[in-house]
Amino acid sequence: MKALKFHKKKMTFKHLRVLETCEGCFIELIFIRIGYANYYSYFYFQMNRPMIRAIFLDVDGTILSFNTHKVPASAQASLVELYNKGTKIIIATGRSFGNLAEISHIPYHGVVSLNGAECTLSDGKVVERHAISLEMFRKSMELAKEYDFAIAVEGNDGIFVDRIDSRVTELANMVALPLPVVRNLWDVFQEGVCSQLCFYLDYETEQKVMAQLPGLASSRWCDVFADVNVAGVDKAVGVHSFVKHLGIDISETMAFGDGGNDIPMLRAAGIGVAMGNASDNVKKHADYVTASVDEDGLYKAFRHFELI
């Protein structure tokens, strides 16, 4: 990036316009009666501001409100504007690719689903997939019986659970979705690829169970249940997969989230943004904290970083 030379006297002109072409980006800075120090500070920010070419967004608690179960109008309008500008919009969620009806009106280019276990383009083409092995599935089923907790297989065809209990019901009410269908999970597992299990259990039991599943790892975005995927797979893995597929640099990405399962993604992205409704633990891993989803958090962050 080439340096520009200026005379200090010119920094106080009433209408100073600096035009510079740099790395294919057109930058226009307009200042009205500002001093040299303020000019330099703002100019430095503009020249060093990263170009964001892809934005990764969690769904529940980030795009979708837990209170209204809808996408705020400001978020929808902002995402449509960014999409039309050519910014790649990637959904990054614990949900499956086929479980995104609530945001079907939002344009996006791809989905990091099942906490990074599957990466899929909007047309359904799979970019990457990490399937749970038969051995780990068998052991999970044994532990569910031993520790008496409900277990589910989540995939593009839906969420199938071995039984309905209070935690299964609580989660369905939380996200305003129907109760999962009860099925023989062995049949479900054998019918297709399984990339994510759901364990409906408390934290203490989770620690005991996961210690016996070295090939798997758990993550949470609420205290009702845990998502379980292949060890080493998380949303950050999905981000890197799409970065490679899109042919961009990780510094050109921005990620938004509110749950514990979003932390790896927030840390991996060029800029990680935590929603105002996120826990303190999530916020401390973010580069920036915006307002809550119900207080137009996405819109405000996009404006803060001058993306819209």
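## Overall makeup

Of the 308 residues in the chain, 49% are buried (under 20% relative accessible area with a 1.4 Å probe and protein chains only; exposed is over 50%, partly exposed in between). This is a predicted model, in which local features need pLDDT of at least 70 and side-chain atom pairs count only at pLDDT 80 or more, while totals for chains, interfaces and linings use all residues. Residues are numbered from 1 along each chain as its sequence is written, and side-chain values use heavy atoms, with hydrogens and water left out.

The chain has 10 helices and 16 strands. Both are DSSP runs numbered from the N terminus: helices are H or I with at least four residues, strands are E with at least two. Take the contacts (heavy atoms within 4.5 Å) between residues at least 6 apart in sequence: 55% of them join residues at least 24 apart.

## Two nonpolar cores

A nonpolar core is a set of buried Ala, Val, Leu, Ile, Met, Phe, Trp, Tyr and Cys residues joined through side-chain atoms within 4.5 Å. The largest one here has 29 residues. Ile55, Leu57, Ile103, Met254, Phe256 and Phe302 touch the most other members. Two or more residues come from each of β3 (54-57), α2 (73-85), β4 (88-92), β14 (253-257), β15 (271-274) and α10 (297-304). A second core of 27 residues is separate, and includes Val188, Leu197, Val228 and Val233. In soluble globular proteins, nonpolar side chains tend to be buried together.

Phe302 has contacts with Ile55, Leu57, Ser78, Leu79, Leu82, Phe256, Leu307 and Ile308, leaving aside residues up to four places away in sequence.

## Second largest pocket

The second largest pocket holds about 460 Å³ of space. A pocket is found on a 1 Å grid over the protein atoms alone, as an open set of points where a 1.4 Å probe fits, with protein on both sides within 12 Å along at least five of seven lines; lining residues have an atom within 4 Å of a point. Points are joined across faces, edges and corners, and the volume is the space filled by probe spheres set on them.

The lining has 30 residues, and Asn99, Glu154, Ile159, Val175 and Leu177 are the closest to the pocket centre. The elements β9 (158-161), α4 (166-174) and β11 (196-200) each give two or more residues. By class, the lining has 15 nonpolar, seven polar and eight charged residues. Here Ala, Val, Leu, Ile, Met, Phe, Trp, Tyr, Cys and Pro count as nonpolar, Asp, Glu, Lys and Arg as charged, and the others, Gly among them, as polar.

## Arg220

Arg220 sits in the loop between β12 (216-219) and β13 (226-230). Arg220 counts as buried because its relative accessible area is 9%. Its side chain reaches two backbone oxygens: that of Leu201 at 2.7 Å and that of Asp202 at 3.3 Å. Residues touching Arg220 include Tyr203, Glu206, Phe225 and Asn261.

Cys194 lies in the loop between α5 (185-191) and β11. Its relative accessible area is 3%, so Cys194 is buried. Cys194 touches Ala131, Ile132, Val153 and Phe189, not counting residues up to four places away in sequence. Phe137 is 57 residues from Cys194 in sequence, yet their C-alpha atoms are 8.9 Å apart.

Ala291 belongs to the loop between β16 (288-289) and α10. Ala291 is buried because its relative accessibility is 17%. Among the residues that Ala291 touches are Met275 and Lys300.

Definitions and conventions:
A polar contact is a pair of N or O atoms within 3.5 Å; within protein, one must be able to donate a hydrogen and the other to accept it, and residues adjacent in sequence count only if both atoms are side-chain atoms.
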